[in-house]
Amino acid sequence: MPTELLFRDDAYLTEASATVEAVNERGGIVLDRTVLYATGGGQPGDAGSLRRADGTTLAIGTAIYDPEDRSRVIHVPLEGQASPQPGEAVTVLLDWERRLKRMRIHTALHLLSVVLSYPVTGGAIGDGDGRLDFDIPEGGLDKAEIAEALNALIARNANVTESWITDAELDANPGLVKTMSVKPPRGSGRVRLVAIGDIDLQPCGGTHVRNTAEIGLVAVTDIEKKGKQNRRVRIALA
């Protein structure tokens, strides 16, 4: 059965009851539902824990999609822990502090793609920092100018909202997709759009804050040349 992705409907949900569906040969745990984001789209999988009925906890290092069935999420435990049994009831708990940093920087990266309106060739999200790679012709980029424009957008206190369109509607509006290397999550017949006020609209399956005010100040920490036209812009929570 597919894992119900609770984080997709509510990125602020930090725990939920769940049932163990399966435990694979490497100890990876499949639940029927989860609040842990699974690695994808440049965003790393969440850490957290599983609380068992007897009150003991099982530390989860990350969450990934099952390579044999992308509709299921595998919770990867840290080594040296006893595995739960299929059918066991557990509570899945999110490492919220780490997730929130990722949500803040992820939302800021959406805004960075507005400040620098070039095709995005890659990106990554860290714990309070991140980067986007842009296909930019020769020309200087100024860290201070980019930071000023980015923080001005953040200061607009814009609401971050989500909606859904069909795969066919996305195909009819290819301009919505800014990333050249990472494609929007598809396969269910619909795609989630993330809107930041009237500033930005793009498909994305990741987690974001509810308002840009939650991002706080952001610094542009580095600009690197990656090939003839590729420029990597790194940002961090200030």
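1. Helix α3 spans residues 143-154, and its 12 residues reach 16 Å from first C-alpha to last, close to the 16 Å expected at 1.5 Å a residue (1.5 Å times one less than the number of residues). Helices (H or I, at least four residues) and strands (E, at least two) are DSSP runs, numbered from the N terminus.

2. A word on the source: this is a predicted model, where local features need pLDDT of at least 70, side-chain atom pairs count only at pLDDT 80 or more, and totals for chains, interfaces and linings use all residues. Residues are numbered from 1 along each chain as its sequence is written, and side-chain values use heavy atoms, with hydrogens and water left out.

3. I146, A147, L150, N151, L153 and I154 are buried (under 20% relative accessible area, with exposed meaning over 50%, partly exposed in between; 1.4 Å probe, protein chains only). These buried residues fall within an arc of 155° seen down the axis of α3, so they line one face of the helix (the arc uses directions from the helix axis to the C-beta atoms). The face turned away carries exposed A144, E145 and E148.

4. What do the buried residues of α3 pack against? They pack against α2 (96-115), β14 (218-225) and β15 (230-237).

5. Those last two strands belong to an open sheet of 4 strands, ordered β9-β10-β15-β14 with antiparallel pairing (strands pair if DSSP finds at least two bridges between them). β9 (120-125) and β14 stand at the edges with a single partner strand each, so one side of each is left without a neighbour in the sheet.

Technical notes. Contact = heavy atoms within 4.5 Å.
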